[in-house]
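Please read the definitions as they come up, then follow the points by topic.

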Amino acid sequence: MLSVIDNAFTAVAMFFWLSYVPVAVISVWKAFKNRKVFVEKDLGGLFNNSSIIFQITTRSATKTSVVKRGIRSITSSAQKVNFYNYQISVVTDDPQDRWTLKNEKCEVVVVEKNYHTDAIKKGRALQYAVEHRQRTSKNSRRRWIFHMDEESYVTSQTILALLKFIGEAKGVVSEGPIFYPLKFESANRLTAIAESVRPFGCYDCVSQMKNPPPLHMHGSNLLVRSDIEDDIGWKFGSTLAEDQMFGYKVYEKYGRGSMGWHGGILLEQPPLNLKDHFFQRRRWFLGTMQNLDKFPRWHRYKVMFKSVTLFL
């Protein structure tokens with residue numbers, strides 16, 4: 001009896017495991033098809049009149065050194081391509097960061113402890129940043145926000161790609177691929193291997209962003225025109241996947257032509273241990289489940305299938 005149950009369980013597990021094979025094949029094909037989407041050459045200053053705020057959202061820059069690394073990657077890469085019309089904004093929950101970052105080329109925006117809004121965790125900080133820019137009159141058609149996580153690292157190719165997308169005016173929200181080479185050797189081998197295949201999924205985002213709505217969105221390597229972010233906001237309630245909700249709301253209000261793919265590569269690091277890896281995936285899955293009832297039925301089914309394959 002036990003062997004029958006084992007065999008049945010194995011058969012079901014194999015069926016679901018193999019169900020991802022078509023998705024994997026399509027991802028490889030899209031990676032090959034979109035292999036030339038990257039900007040690699042200097043634009044000759046053509047689009048250097050664009051204004052960008054590089055926003056790093058963190059819980060604390062004092063407790064980790066990677067935020068300073070990210071700030072310096074921006075200043076170094078911008079100098080290499082002669083781009084100077086930018087600002088770096090670190091949005092943090094830790095007041096101590098004002099002192100930690102006092103010698104860095106950035107503004108420090110501390111989310112007040114008594115600040116209340118219809119968002120939680122990172123979404124709360126993102127909404128606070130929007131309202132901070134409202135108070136300083138920085139949300140306009142001429143200014144763009146480039147979202148980064150605390151471990152994100154910008155290259156000169158990243159900046160060239162952003163400037164090219166802005167200059168071509170083909171959308172108001174766009175994304176690019178994320179690679180995970182930083183601290184790769186320091187990470188648990190399983191988590192490092194798991195992250196190493198994720199860029200294939202980024203290639204899948206090319207078609208999702210050009211034919212929205214996207215099934216998911218990166219919260220980092222996300223370029224948004226500041227007046228659009230001001231309009232949509234981040235007040236999506238108690239969801240852990242605020243970036244996914246933001247992408248759908250942009251599509252819902254501004255239509256297919258509002259989204260695009262800038263192709264700028266952002267470098268990040270994998271979770272360094274299995275615990276962090278598990279909680280990262282758990283957050284993605286729970287956030288998606290929290291968003292499901294806010295999507296129309298046709299989109300809900302596609303998101304559910306994507307979530308099942310991710311879980312397996």
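Buried means under 20% relative accessible area, exposed means over 50%, and partly exposed is in between (1.4 Å probe, protein chains only). This is a predicted model, in which local features need pLDDT of at least 70 and side-chain atom pairs count only at pLDDT 80 or more, while totals for chains, interfaces and linings use all residues. Residues are numbered from 1 along each chain as its sequence is written, and side-chain values use heavy atoms, with hydrogens and water left out. Helices (H or I, at least four residues) and strands (E, at least two) are DSSP runs, numbered from the N terminus.

- Strand β1 (residues 51-58) is largely enclosed by the rest of the structure, because 8 of its 8 residues are buried.
- In a regular strand, side chains alternate between the two faces of the sheet.
- From β1, S51, I53, Q55 and T57 point one way, while I52, F54, I56 and T58 point the other way.
- β1 pairs with strand β4 (residues 143-149) in the parallel sense over 7 bridges; two strands pair if DSSP finds at least two bridges between them.
- I53 stands opposite I145 in β4.
- β1 also pairs in the parallel sense with strand β2 (residues 86-92), over 7 bridges, and Q55 is placed opposite S89 in β2.

**An open sheet**

- Three strands, in the order β5-β10-β7, form an open sheet with mixed pairing.
- Its edge strands, each pairing on one side only, are β5 (153-154) and β7 (178-179).
- β5 and β10 (residues 266-267) are antiparallel, with 2 bridges, and Y153 stands opposite L267 in β10.

**Charged residues in helices**

- E131 belongs to helix α5 (residues 121-135).
- E131 is buried but has no salt bridge, that is, a side-chain nitrogen of Lys or Arg within 4 Å of a carboxyl oxygen of Asp or Glu.
- The nearest side chain of opposite charge to E131 is R135, 4.7 Å away; Lys and Arg count as positive and Asp and Glu as negative, with His and the chain ends not counted.
- Apart from neighbours within four places in sequence, E131 is in contact (heavy atoms within 4.5 Å) with Y115 and T117.
- K249 sits in helix α10 (residues 242-254) and counts as partly exposed because its relative accessibility is 28%.
- K249 and F236 are 13 residues apart in sequence and 9.8 Å apart in space, C-alpha to C-alpha.
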